[in-house]
Amino acid sequence: MKVHHVGYLVADMNNALKEFLNLGYEIEQEVMYDPVRNINICFIRNNGFLIELISPCEGCKLFSGLARRIGNAPYHICYVINTTGGGGNV
């Protein structure tokens, strides 16, 4: 089992991207809107380390409460696992 990415919750995607790009991260996948969860998502990478930036949109019920409690912070780790029938992410 190995780490695939760290999920990082941010209040403002544009500000977060600016800060991470200043730290040397590069955009792996452009910002995309997820209408099911009402969030914006962007993957960034630095030296092989992948971060998933997640920003709740107005009216997002799933992440807004968490964002108020923890602010801008990492909140999940996604692992790649190998199983007998193949592999996948957790």
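What follows is a working chat about a predicted model, its strands, one serine and its aromatic rings.

Colleague: Before we start, what are the ground rules for the numbers?

Modeller: This is a predicted model, in which local features need pLDDT of at least 70 and side-chain atom pairs count only at pLDDT 80 or more, while totals for chains, interfaces and linings use all residues. Residues are numbered from 1 along each chain as its sequence is written, and side-chain values use heavy atoms, with hydrogens and water left out.

Colleague: And what is the mean pLDDT of the protein?

Modeller: The mean pLDDT (the predictor's confidence in each residue, from 0 to 100) is 89, and 92% of the residues reach 70 or more. Among the elements, strand E3 (residues 39-46) has the highest mean, 97, whereas strand E6 (residues 86-89) has the lowest, 59. Where pLDDT is low, the predicted coordinates should not be read in detail.

Colleague: How many helices and strands are there?

Modeller: The protein has two helices and six strands, where helices (H or I, at least four residues) and strands (E, at least two) are DSSP runs numbered from the N terminus. Their order from the N terminus is β-α-β-β-β-α-β-β.

Colleague: Which strands are joined to E4 by bridges?

Modeller: Strand E1 (residues 2-9) runs parallel to E4 and is joined to it by four bridges, with Val 6 having Ile 51 as its bridge partner. E3 runs antiparallel to E4 with eight bridges, and there Cys 42 stands opposite Leu 53; for reference, two strands pair if DSSP finds at least two bridges between them.

Colleague: What sits between E3 and E4?

Modeller: E3 and E4 form a hairpin with two residues between them, and Asn 47 in that turn has a positive phi of about 50 degrees.

Colleague: Is E4 mostly covered or mostly open?

Modeller: E4 is mostly covered, since seven of its eight residues are buried, a label that means under 20% relative accessible area, with exposed over 50% and partly exposed in between (1.4 Å probe, protein chains only). Ser 55, which lies in E4 (residues 49-56), counts as buried because its relative accessibility is 4%.

Colleague: What does Ser 55 touch?

Modeller: Leaving aside residues up to four places away in sequence, Ser 55 touches Val 10, Ala 11, Asp 12, Met 13, Ile 39 and Asn 40, where contact means heavy atoms within 4.5 Å. A polar atom of the Ser 55 side chain also lies 3.4 Å from the backbone oxygen of Ala 11.

Colleague: And Pro 35, buried or exposed?

Modeller: Pro 35 is exposed because its relative accessible area is 57%, and its place is in the loop between strand E2 (26-34) and E3.

Colleague: Switching topic, how many aromatic pairs does a search of the whole structure find?

Modeller: The search finds two aromatic pairs. One of them is Tyr 8 with Phe 20, edge-to-face at 5.3 Å centre to centre and 85 degrees between the planes; rings of Phe, Tyr and Trp (its six-membered ring) pair if their centres lie within 6.5 Å, and planes under 30 degrees apart count as stacked, over 60 as edge-to-face and the rest as tilted. That pair links distant parts of the chain, with Tyr 8 in strand E1 and Phe 20 in helix H1 (residues 13-22), 12 residues apart.

Colleague: Why is the pair of Phe 20 and Tyr 25 edge-to-face?

Modeller: The ring centres of Phe 20 and Tyr 25 are 5.3 Å apart and the planes are at 90 degrees, so the pair is edge-to-face. Ring pairs thus link Tyr 8, Phe 20 and Tyr 25 into a cluster, in which Phe 20 is buried at 12%, Tyr 25 is buried at 14% and Tyr 8 is partly exposed at 21%.

Notes:
Polar contact = N/O pair within 3.5 Å; in protein donor to acceptor, adjacent residues only side chain to side chain.
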